[in-house]
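Work through the exercises below with the structure open beside you. Try each task before reading its solution.

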Amino acid sequence: MRVRAGAATDVGVVREQNEDSYLASSPLFAVADGMGGHQGGEVASRLVLERVEELHRDGDRPDLAETVHDANRRVLERAADDSALQGMGTTLTLLRMEDTGFRLAHVGDSRAYRLRDDELEMLTEDHTLVNRMVREGKLTEDEARIHPHRSILTRALGVESDLQVDLAVFDVEAGDRILLCSDGLTGVVGDDRIEQVLRDEEDPQAAADTLVQEAIEGGGPDNVTVVILDFEDGEEDGAPAAASLDAVEPEPPPPPAEPEERPRRRWRRWLLWVGIAVLLLVLAGVGARIYLNTQWFVGAHEGNVALFRGIPTEVLGYDLFTLEEETDVPVAEAARLQLYAELPEGIPAGSEEEARDLLRQIEEDLEETGPAP
Ligand code: CA
């Protein structure tokens, strides 16, 4: 069987850096979607793919699970060496061609699909909280696709040494088309549309370009990466199917993101959702670190307004938050303002920056309204 490949990646419209990396060099095809600030995501996704390539040098065929574990250890070691990279991680969806088909190793929420006889089938399962909720009937697939916390992962490389890797072997038929992609595609372009593009666009490179373009036209909220493989009858000619590690072009400055509104109803929904998520997390015992370390809220500490990392709750007597910064603003003062009435329970923020903005806003609003009567 011969393979023809196409690949494309783009930083998208909102993000400043492209933290996705891909590999498209037979027999290895992969997408890795990095996460973590200060270049961390980009470093993690590249590091993993470079290690995968390295382990396959000179035609070696190492055990694929061991390959992923090895790459995972590299990310952990690198993060331990460099405090600026702490907390970095990456997804990995890795395909390796075999004699009669291919082997897949998968961790995270990048995806592999197969188009066979014009039918699109997903070959991987997202390791996300929302997917778990879909499987438990708590969310529909449509709700999951647009859920604000859909990218919270329950598994990723770079989190802990004890990594669970999904492995599978697939046969191939001439005419099969495989798509590997990051969630920057699937978060924007629906499966029906993906199927249509894969059916209509015969050239793999043109199909990859079209899919990336559609994600950008759909708002491009995230980095987007697409690798497409077409299986044809015939012998491999040995030439690399496409470019190797992606080279990310510098992009012009992106337009500013839409300011986030913070209506109270959203906080309530968010808290409710977090409650369910936390319960699932504790039951499953996975992913908690990724999740908690990336959440922030403003709440009360010894009667004063304070900044916390984590989520404002405890489970079985265990706090799911840590105090990051105290202020001398009394909670009772701030909670007089309707907007901050929920301070005692904690007001979630999407990021550290948002949480610090909220803290500043509270201080400013209090200065404006003056002391309590
Ligand atoms: Ca992503």
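Two strands count as paired if DSSP finds at least two bridges between them. The model used here is predicted.

**Exercise 1.** Find the residue that stands opposite Arg-111, and describe the pairing of β7 and β10.

Solution.
- Step 1: Arg-111 faces Cys-181, which belongs to β10.
- Step 2: β7 and β10 are joined by 5 bridges in the antiparallel sense.

**Exercise 2.** Give the order of the strands in the open sheet, and say which stand at the edges.

Solution.
- Step 1: The sheet has 5 strands, ordered β1-β11-β10-β7-β8, with antiparallel pairing.
- Step 2: β1 (2-10) and β8 each have a single partner strand, so they are the edges, and one side of each lacks a neighbour in the sheet.
- Step 3: From one strand to the next, the twist averages 20 degrees.

**Exercise 3.** Determine which residues of helix α6 (residues 191-200) are buried and how they are arranged.

Solution.
- Step 1: Buried means under 20% relative accessible area. Ile-194, Glu-195, Val-197 and Leu-198 are buried in α6.
- Step 2: Viewed down the axis of α6, these buried residues lie within an arc of 165 degrees, so they line one face of the helix.
- Step 3: Asp-192 and Asp-200, on the other side of α6, are exposed.
- Step 4: The buried residues of α6 pack against several elements, including β7 (111-116) and β10 (177-181).

**Exercise 4.** Which residues coordinate the calcium ion?

Solution.
- Step 1: The donors come from Asp-33, Asp-183 and Asp-222, at 2.3 to 3.1 Å.
- Step 2: Asp-33 in strand β3 (residues 28-35) and Asp-222, in the loop between α7 (204-217) and β11 (224-232), are 189 residues apart.
- Step 3: Asp-33 has 8% relative accessibility, so it counts as buried. Asp-222, at 12%, is also buried.

How values were computed:
Residues numbered from 1 in each chain as written. Predicted model: local features only at pLDDT ≥ 70, side-chain atom pairs only at ≥ 80, totals over all residues. Heavy atoms only, no water. Donors = N, O, S within 2.8 Å, 3.2 Å for Na, K, Ca; no water. Helix = DSSP H or I, 4+ residues; strand = E, 2+ residues; numbered from the N terminus. Buried < 20%, exposed > 50% of the residue type's maximum accessible area, 1.4 Å probe, protein only. Arc of directions from axis to C-beta. Contact = heavy atoms within 4.5 Å. Axes fitted to C-alpha atoms, helices over the stretch in contact; angles between N-to-C directions.
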